[in-house]
Amino acid sequence: MSRLFKQLTLALALLTMIVPAVGQTFGNPTSYRIGVETIVVPTPTNFLETSKNAPEMWESAKTFNTASVRVLAHYAPESELKTFIAGGEVRLSQYMYVQTPVRAEGITTTQAQFDKLRTGAIALQNDIAAKLSPKVKDEVARAFKELGARQGEPVSVKVGEIVPVSIDRNDTKALIYTTLMSVASSQSGALHEGNILTSAAFIFAKGKVLTLTVNRVMKSPRDIQIVRSFANEWVSSIVAAN
């Protein structure tokens with residue numbers, strides 16, 4: 001049994017002894033045009049969208065996405081974003097993306113097509129090490145190389161295991177699943193190692209597919225419940241708004 005899997009098993013066991021996270025709230029929504037439809041996304045309280053508030057962070061954030069999706073929004077904690085704008089060094093404790101698949105923008109997706117997408121995503125969880133891990137490692141390496149070039153300072157990164165955690169929602173409107181990934185990066189002699197929790201979602205709204213990810217640095221078992229609850233509440237608010 002791998003070290004990361006042992007850590008995850010222990011963390012999930014400890015969740016039974018942890019008080020549930022406080023519910024997330026949402027403020028004014030932002031509208032995004034996808035093909036001929038307008039999709040509404042409520043804004044998580046205490047988070048800011050970086051394209052409007054921190055263009056430099058927004059440009060860096062887009063580096064970590066593939067050409068198969070269009071990034072609609074990137075969110076960061078308000079307090080950490082203010083530190084970044086003031087010139088301070090920031091390693092985001094949590095960040096979120098809202099995207100849409102490029103090839104699906106101009107078409108109306110049917111319920112049957114969305115159901116097939118959900119089925120494929122769930123099947124992938126059963127073989128995540130063989131099918132997903134190599135792609136993720138390649139994309140992360142590419143992104144950090146581009147980021148280092150942008151900053152004028154090389155960044156090296158190593159992606160370790162990717163472990164499925166849970167399927168958190170699966171119905172006709174949305175699929176949410178959570179994974180845990182180990183990452184080590186170094187820049188200017190400074191080494192950073194940690195585990196990143198990601199709750200990813202596919203949302204079906206007005207014949208369009210919206211994808212979002214909630215990414216959080218795991219510091220304690222409580223972070224598992226925080227990221228899963230956050231994603232579930234955000235997805236529910238988006239479904240209700242559309």
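How many aromatic pairs does the count come to? By the rule applied, in which rings of Phe, Tyr and Trp (its six-membered ring) pair if their centres lie within 6.5 Å, the count comes to 5 aromatic pairs. Planes under 30 degrees apart count as stacked, over 60 as edge-to-face and the rest as tilted. The model is predicted, so local features need pLDDT of at least 70 and side-chain atom pairs count only at pLDDT 80 or more, whereas totals for chains, interfaces and linings use all residues. Residues are numbered from 1 along each chain as its sequence is written, and side-chain values use heavy atoms, with hydrogens and water left out.

One of the aromatic pairs joins Tyr75 and Trp234, whose ring centres are 5.5 Å apart and whose planes stand at 85°, so the pair is edge-to-face. Because Tyr75 lies in strand 4 and Trp234 in helix 8, this pair ties together parts that are 159 residues apart in sequence. Helices (H or I, at least four residues) and strands (E, at least two) are DSSP runs, numbered from the N terminus. Tyr75 is buried at 1% relative accessibility, and Trp234 is buried at 0%; buried means under 20% relative accessible area, exposed over 50%, and partly exposed in between (1.4 Å probe, protein chains only). Tyr95 and Tyr97 also form an edge-to-face pair, with 6.2 Å from centre to centre and 90° between the planes. In this pair Tyr95 is partly exposed at 23%, while Tyr97 is buried at 7%. One aromatic cluster is formed by Phe47, Tyr75, Phe230 and Trp234.

Tyr75 and Trp234 also belong to the largest nonpolar core, which has 29 residues. A nonpolar core is a set of buried Ala, Val, Leu, Ile, Met, Phe, Trp, Tyr and Cys residues joined through side-chain atoms within 4.5 Å. The members that touch the most other members are Val41, Tyr75, Val98, Leu210, Leu212, Val214 and Trp234. Elements giving two or more residues to this core include strand 1 (26-34), strand 2 (37-44), strand 4 (69-77), strand 5 (94-101) and helix 8 (222-241). Helix 8 gives the most, with 7 residues. Neighbours within four places in sequence aside, the contacts of Val98 (heavy atoms within 4.5 Å) include Val41, Tyr75, Leu210, Leu212 and Trp234. Another core, of 8 residues, lies apart from the largest one, with Phe114, Ala121, Leu175 and Tyr177 among its members.

Strand 1 and strand 2 pair in the antiparallel sense over 7 bridges; two strands pair if DSSP finds at least two bridges between them. Ser31 has Val40 of strand 2 as its bridge partner. The hairpin of these strands has 2 residues between them, and Gly35 takes a positive phi near 60° there.

Side chains of opposite charge can pair when their charged atoms come close. With a salt bridge taken as a side-chain nitrogen of Lys or Arg within 4 Å of a carboxyl oxygen of Asp or Glu, the count comes to 7 salt bridges. Among them, Asp223 and Arg216 meet at 2.7 Å, N to O; Asp223 is buried at 6%, and Arg216 is buried at 19%. Glu78 and Lys82 form a salt bridge with their closest N and O atoms 3.3 Å apart. Both residues lie in helix 4 (residues 78-85), 4 residues apart, about one turn of the helix, and Glu78 is partly exposed at 28%. In the salt bridge of Lys52 and Glu49 (3.6 Å, N to O), Lys52 is exposed at 56%, whereas Glu49 is buried at 6%.
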